[in-house]
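The sequence and the structure come first.

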Amino acid sequence: MANIKKTHKNLMISDLLASIISSRDIIDILEKAIKKIDNKSVDLDFSNVKFVSRSAAHALLLMKERLQTRKDIYFINSNKDVANMLRVVAANRIVSQKKKPDFNPEKIDINSLFKEALA
Amino acid sequence: MEKIIIPKPKNDSLVAQLESLYKTFKNIQPRENLNFDLSLLNWVCPLLILPVSAYINNTRSSCETGRSSIKSYLEKIGFPEGVDSISLFQQRVQRHKSFIPISILKKEAGASRERLEALFSEKIYEILGSVSGAQNAVCYPIAELVTNIFEHSKKDVGFIFGQFYPTKNYLDICIIDCGRGFAAAYKEEKGLKLSDVDAISEVMRGNSVKPERERGYGIWTSKRIISDVLKGGGFVLISGSAGLIARNKKERLVSFPKFYWQGVIIAYRIPKPSGPLDISQFLE
């Protein structure tokens with residue numbers, strides 16, 4: 001029994017990073033931690049993670065793609081909202097459904113704008 | 001050191017706060033050392049006070065409050081120095097329960113910075129109450145606007161502050177960097193020469209400075225969530241000498257003569273949610 005090596009490594013995202021994952025650059029810390037692990041298979045455990053931003057979800061998926069030849073990475077125990085964010089961003093990487101937004105603002109001079117504050 | 005008397009806003013609207021902000025920084029040279037006089041102020045919101053805090057922190061300028069009636073409020077929110085660690089944030093929140101301190105997010109702090117931002121967001125939606133979907137709706141714009149700072153501003157520090165006004169039943173949030181601003185980002189990353197007004201338009205059209213086509217929606221989607229899901233009472237975005245002011249489905253672009261904010265200021269006002277919130281349509 002002593003020679004059996006655990007094949008999976010579990011990384012608690014909330015302990016390593018935070019309970020809300022916002023920034024794209026923070027995923028670099030996770031990537032470095034994964035690269036230090038000897039195990040081929042790594043579970044990224046999203047228990048206690050309340051929210052993942054769209055940008056962080058995108059960075060997570062890119063990291064998974066970068067490491068896929070060396071590691072099997074699984075996202076586990078994510079809540080409904082986190083899972084949904086990861087699914088939407090993953091789907092958009094394959095088939096983007098987003099249309100560029102329309103933006104047709106009115107141009108206004110500063111005096112007219114500030115007069116409104118008094119209205 | 002030049003003394004700048006911050007003018008009292010004409011009322012509590014975001015545009016009135018913006019006017020005071022404009023007059024405060026009008027005719028200021030880049031990185032000029034200033035002494036801000038806050039003695040005329042009897043009420044401030046994040047859009048006015050956070051840029052002053054960021055400027056002081058960034059230039060080692062100073063301030064004086066005199067006999068201002070907001071002196072004790074400014075002490076409670078940690079003005080002007082702010083807090084840059086989880087322990088300081090928690091100490092202040094414990095001491096002054098309904099006040100969130102000005103928070104300084106430093107890129108180099110890595111996971112600690114992420115935890116400080118998480119604490120800030122958690123405090124915000126705790127104040128807003130346990131409405132279904134509020135966590136996502138509150139976290140999305142804060143997260144996307146802060147990550148923008150560290151990706152695009154070329155500055156390693158961001159400033160964030162929020163204040164809930166129980167008698168007015170709304171929350172104001174402001175997020176700031178003192179980095180290169182949108183126009184310089186487009187010039188340096190894509191070789192585009194744009195005015196500040198045109199650079200804001202590019203941002204709002206989802207045209208990222210990054211090459212991946214699925215990027216560039218952070219600010220635009222955040223604004224939609226603030227306006228349409230959180231029923232926001234206003235959204236202000238300033239970069240360089242230009243600003244976008246959005247309210248009641250109206251979007252206006254304005255140039256600010258003799259004014260230049262080195263970086264980006266984003267401020268918005270949201271009413272306390274009264275029913276469930278759903279941001280899912282804005283994720284597709």
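## Polar contacts and salt bridges

In this predicted model, 20 residue pairs, both at pLDDT 80 or more, are in polar contact between chain A and chain B. A polar contact is a pair of N or O atoms within 3.5 Å; within protein, one must be able to donate a hydrogen and the other to accept it, and residues adjacent in sequence count only if both atoms are side-chain atoms.

Three salt bridges are counted between chain A and chain B, a salt bridge being a side-chain nitrogen of Lys or Arg within 4 Å of a carboxyl oxygen of Asp or Glu. A salt bridge links the side chains of A:Lys50 and B:Glu122, with 2.9 Å from N to O.

## The side of chain A

Helices (H or I, at least four residues) and strands (E, at least two) are DSSP runs, numbered from the N terminus. Elements of chain A that give two or more residues to the side touching chain B include helix 1 (13-16), helix 3 (54-67), helix 4 (80-94) and strand 6 (106-107). Helix 4 of chain A supplies the largest share, seven residues.

By class, this side of chain A has 21 nonpolar, 10 polar and 14 charged residues. Ala, Val, Leu, Ile, Met, Phe, Trp, Tyr, Cys and Pro count as nonpolar, Asp, Glu, Lys and Arg as charged, and the others, Gly among them, as polar.

## Extent of the contact

With contact meaning heavy atoms within 4.5 Å, 45 residues of chain A and 55 residues of chain B take part. The two chains bury about 4500 Å² between them, 55% of it on carbon and sulfur atoms; this buried area is the accessible area (1.4 Å probe) that two parts lose on being put together, summed over both.

## Strand pairing across the chains

Strand 6 of chain A pairs in the parallel sense with strand 9 (residues 250-255) of chain B over two bridges; strands pair if DSSP finds at least two bridges between them. A:Glu106 has B:Arg252 as its bridge partner in strand 9 of chain B.

B:Arg252 is buried, at a relative accessible area of 5% (buried means under 20%, 1.4 Å probe, protein chains only). Not counting residues up to four places away in sequence, B:Arg252 touches residues of both chains, among them A:Pro105, A:Leu113, A:Glu116 and B:Leu244.

## Strand 7 of chain B

Strand 7 (residues 234-240) of chain B is largely enclosed by the rest of the structure, because seven of its seven residues are buried.

B:Ile238 has B:Ile265 as its bridge partner in strand 10 of chain B and B:Gly243 in strand 8 of chain B. A hairpin through one residue joins strand 7 to strand 8 of chain B.

## Basis

Residues are numbered from 1 along each chain as its sequence is written, and chains are lettered from A and ligands numbered from 1 in the order in which they are written. Local features need pLDDT of at least 70, side-chain atom pairs count only at pLDDT 80 or more, and totals for chains, interfaces and linings use all residues, while side-chain values use heavy atoms, with hydrogens and water left out.

Technical notes: Buried < 20%, exposed > 50% of the residue type's maximum accessible area, 1.4 Å probe, protein only.
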